[in-house]
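Here is a short report on one structure. Look at the sequence and the model first, then read on.

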Amino acid sequence: MYKLLLSWRYLRTRYIALASIVSVTLGVATMIVVNSVMHGFTTEMRNRIHGILSDVVFESRTIDGFRDAQWHMDRISQIAGNEIAAMTPTVVVPAMLNFEVGDQWITKPVQLIGIDPETQGKVSDFGHYLQHPANRETLSFELRERGYDTYDHQAGPNSRPRKQMAFAGMGYRRRMAESRRFLAAMTAPPGQASAPKAGAGEGASIPPADPFAGVNLADPFSQKKSEEGEAADSGYEQHTGLVMGIALGSFPQQIGKKKDGTPEYEDVFMVLPGDDVKLTFPTAGMPPQAASGLFTIVDFYESKMSEYDSSFMFMPIRKLQEMRGMIDPTTQVAMVNSIQIKLKPGVDGSALRDKLQAEFHPELYVVSTWQDKQSALLAAVQMETAILNILLFLIIAVAGFGILAIFFMIVVEKTRDIGILKSLGASGWGVMGIFLAYGLALGLLGSGVGMGLGLWLVAQINWIADVLGRITGRPVFDPEIYYFYKIPAIVDPFTVTWIVCGAVAIAVLASVLPAIRAARMHPVEALRYE
Amino acid sequence: MSDGLSPFQPDSAGRPMHSPLHFSPEAPAGQMLEDASEREGGLDRRRRERRGPGVPACDGSAAARGLFPREDAGVDAGVHLRRDPPVQLCAVDLKKNYQKGPVVIPVLRGVSLSVREGEMLAIVGKSGSGKSTLLHLLATLDAPDAGEIYFDGQRVDHLAGLERDALRNRYLGMIFQFYHLLPELTTLENVLMPLMIGENVWGYVRRRRQLRQTAAGLLEMVGLGHRLRHRPRELSGGEMQRAAIARALVGSPRILLADEPTGNLDFASGREILELLHRLNAERKLTIVMVTHDPSIAEQADRTIRLVEGQLEPGAGPARL
Ligand SMILES: Nc1ncnc2c1ncn2[C@@H]1O[C@H](COP(=O)(O)OP(=O)(O)OP(=O)(O)O)[C@@H](O)[C@H]1O
Ligand SMILES: [Mg+2]
């Protein structure tokens, strides 16, 4: 009892000891914040990666793919049908994207993915990342009339404005075609003319309806006439629909400063849904030929993983197979490069991967889980978290030495009291208990306050980042870099418990040596101590 | 006021003990007194015979007769002394050296003494003669290099640490020149300290009210009833010493060891303290061993012994009967 009373009194009267646990407090708070933010980032990233990729991907080693997706899917079902929720075939091929902004053609390498609009949404969160609410419900490669989001629906209405998106859609496409036709009629003699440049408003330029139809010498594609040409001759009809990675067609632009001094951005679109772009990709077969065509953007894909947002383009799989010559003309059996597999909840992806890989020859097929696909990135983040944790825990350990030193001081200062207690019959264990209880109390207090502070910081992290940004004049968390609008922080109770327990343990451990010293103190010498 | 003086009646329930393990932390007060009778004869007699004349007897059997001395408060001092009260505390040939590097400083060179129950013994001597050292040995705060110490006929100097702690907690009360109150605690808490040490948390919490009453009663007795919540630094020297006495008494000790209790006090407060000690000695039959400088104080004791260079001066004043 006296142990508790005395350690409580020491806690209340020795403020110097409180100073020594400030570092424990800060260490605990920092660890909680760092872990929460890292956990948030990792979770967000994993979610995104997982949302983009299906649970398990079954691929051929060649981009020319394998024959007969249906046969393969049946085979996979035979092997592990009861673990699989859905499957969809895809064709993935590298491609070159071209579109015209102002007078300039922009060329970008992209990853062109042929997807089955019916089943794609079943294997991943694909639909979730689209910009038209109806497309999020059911994807269609038909251009919508209007109604695209004018802000990032994942980040909420307070995110960067996307004013141009208000115009996007079929109506925009018609108006553009109208004005082009009108301009052509005004500026060129009837008959033939080079494709006029439409007056580009709002930073977005409208590519001519069919730049390849005209005799435009600057046009690198003019030598080959697209099959699409006649379909959308007038510009009223759409070409094959295309979902474009949002970072391929837009960029954020600073439009001023907010009241608090942090820069304010707006998304500027170089192309909008309704505009046409040109894609060139290799055909299947030996040697590969370049196939190209005009496509109409029907939506933007925004996964917030900049790696994907700046490279993915999606089009209907059947059309891609046709254009690449992947369909056997006689049997109509098409080739695909990969099958995306969605697992039932609770199924172990790696086990399924191994099972499938055992059945399909690894020379021809690669089976991987989504984690495998991004293992380097995920491992890097994990490593980073681990190292940060070690460093921060060392800080707390250093705080432990502070506690040790101050405890020694207090034990020396309390020498006489220790002698008195022993003369009153307190045992060495009892005296030790006082200081251990004191260490425990300090540890609990320090890490408790640290936990509170840490959790508060996590809860207020975005506000704090804003304030810091305002003070330093530079945003701490730049959404342009991370593609998140706010810092994702997830508190993992398990981690928090560990951190707090670790800090308390360090405080107690640090008090063990001084406590032993106090316990060993000779009562007479302690009483004689001045 | 007399029941304020004996807040605890010794607990007679317990198992018989045959060894010095007697002062185990669990052993209730009073138990060892019962058992002491079993040790009559044998060892004790032999030891007595070994001693030369003038060396006090460490008579365990006598201790047995003094069973529950606080209960016969009605017996007056004269009767008590006529019955030749038993020896309560007894030291045989105590030696204590301090080693300073290669130099051995002999502080006590064979001190033998015995204290009878209810006696008030004064130890006088020059500064540095080893009075405090002797008192610490008697209080089992330190172990002698040679010699034996008996408490109620039980040898206590070689007890294990925890048993000595329990002995100090239950049967010995100590007061010091510099009061030695714990500065973080209030007066009441300081007085409660021995009880807190003796009880575990649960026992203390359960009996909290009663224990606090005991402590408050003692503070009342020493005239500090109005100072319960004060910190020691808010008290005068005399008040602090009175609080220290209350603390020493709260566990109903059998003997009070005082190291210059008035050494740091002015004359008036010193006399108050002495009066208090005398009252305790007379009313409670509390055995008191008191170290002092002051011959006038020593005179008031039943008996005075003088330490000279680590040895008892031969022909120290006899007990004043
Ligand atoms: N730890 C120690 N190391 C060495 N010598 C010591 C130690 N403790 C005490 N002494 C010596 O033992 C001797 C006796 O000390 P003690 O405190 O018992 O004297 P005292 O009679 O109580 O004196 P005072 O009346 O001044 O209190 C002194 O000479 C002292 O120097
Ligand atoms: Mg002394």
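S7(A) is buried, as its relative accessible area is 5%. Keep in mind that this is a predicted model. Where does S7(A) sit? Its place is in helix α1 of chain A, which covers residues 2-13.

Which residues does S7(A) touch, beyond those up to four places away in sequence? They are I434(A), A437(A) and Y438(A). One of these residues, I434(A), comes up again in the next section.

## Two helices that cross

Two packed helices are described by the angle between their axes and the distance between the axes. Take helix α13 of chain A, residues 415-423, and helix α14 of chain A, residues 428-459. Their axes come within 10 Å and cross at roughly 140°. That angle makes α13(A) oblique to α14(A). The crossing of α13(A) past α14(A) is right-handed.

Which residues make the contact? From α13(A) come I418(A), L421(A) and K422(A). From α14(A) come G428(A), V431(A), I434(A) and F435(A). Sorted by class, this contact of α13(A) with α14(A) has 5 nonpolar residues, 1 polar and 1 charged.

## Salt bridges in chain A

How many salt bridges does the structure hold over all chains? The count is 31. One of them joins D149(A) and R136(A), whose closest N and O atoms are 2.8 Å apart. R136(A) lies in helix α5 of chain A (133-137), while D149(A) lies in the loop between α5 and α6 (170-187), so the pair ties together parts that are 13 residues apart in sequence.

Are the two partners buried or exposed? D149(A) is buried, because its relative accessible area is 11% and buried means under 20%. R136(A) has 24% relative accessibility, so R136(A) counts as partly exposed.

## Salt bridges in chain B

Now turn to chain B. R303(B) pairs with E119(B) in a salt bridge, and their closest N and O atoms are 2.5 Å apart. R303(B) belongs to strand β9 of chain B, residues 303-308. E119(B) is in the loop between β2 (103-116) and β3 (120-125) of chain B. The bridge therefore ties together parts that are 184 residues apart in sequence. R303(B) is buried, at a relative accessible area of 17%. E119(B) is buried too, at 9%.

E239(B) and R227(B) also meet through their side chains in a salt bridge, at 3.3 Å from N to O. E239(B) lies in helix α11 of chain B (residues 237-249), and R227(B) in the loop between α10 (208-221) and α11, so this pair ties together parts that are 12 residues apart in sequence. E239(B) counts as buried at 12% relative accessibility. R227(B) is partly exposed, with a relative accessible area of 21%.

Salt bridges can also share partners. In this way E145(A), R146(A) and R174(A) are joined into one network.

## An exposed lysine

K122(A) lies in helix α4 of chain A, residues 117-123. Is K122(A) buried or exposed? K122(A) has a relative accessible area of 53%, so K122(A) is exposed.

K122(A) still has contacts. Setting aside neighbours within four places in sequence, K122(A) is in contact with A86(A) and K342(A). How far apart are K122(A) and K342(A)? In sequence they are 220 residues apart, and in space 7.5 Å, C-alpha to C-alpha.

Conventions. Residues are numbered from 1 along each chain as its sequence is written. Chains are lettered from A and ligands numbered from 1 in the order in which they are written. This is a predicted model: local features need pLDDT of at least 70, side-chain atom pairs count only at pLDDT 80 or more; totals for chains, interfaces and linings use all residues. Side-chain values use heavy atoms; hydrogens and water are left out. Axes are lines fitted to C-alpha atoms, for helices over the stretch in contact, and angles run from 0 to 180 degrees between N-to-C directions. Helices (H or I, at least four residues) and strands (E, at least two) are DSSP runs, numbered from the N terminus. Angles under 35 degrees count as roughly parallel, over 145 as roughly antiparallel, 65 to 115 as roughly perpendicular and the rest as oblique. A crossing is left-handed if the near helix is turned anticlockwise from the far one by less than a right angle, and right-handed if clockwise. Contact means heavy atoms within 4.5 Å. Ala, Val, Leu, Ile, Met, Phe, Trp, Tyr, Cys and Pro count as nonpolar, Asp, Glu, Lys and Arg as charged, and the others, Gly among them, as polar. A salt bridge is a side-chain nitrogen of Lys or Arg within 4 Å of a carboxyl oxygen of Asp or Glu. Buried means under 20% relative accessible area, exposed over 50%, partly exposed in between (1.4 Å probe, protein chains only).
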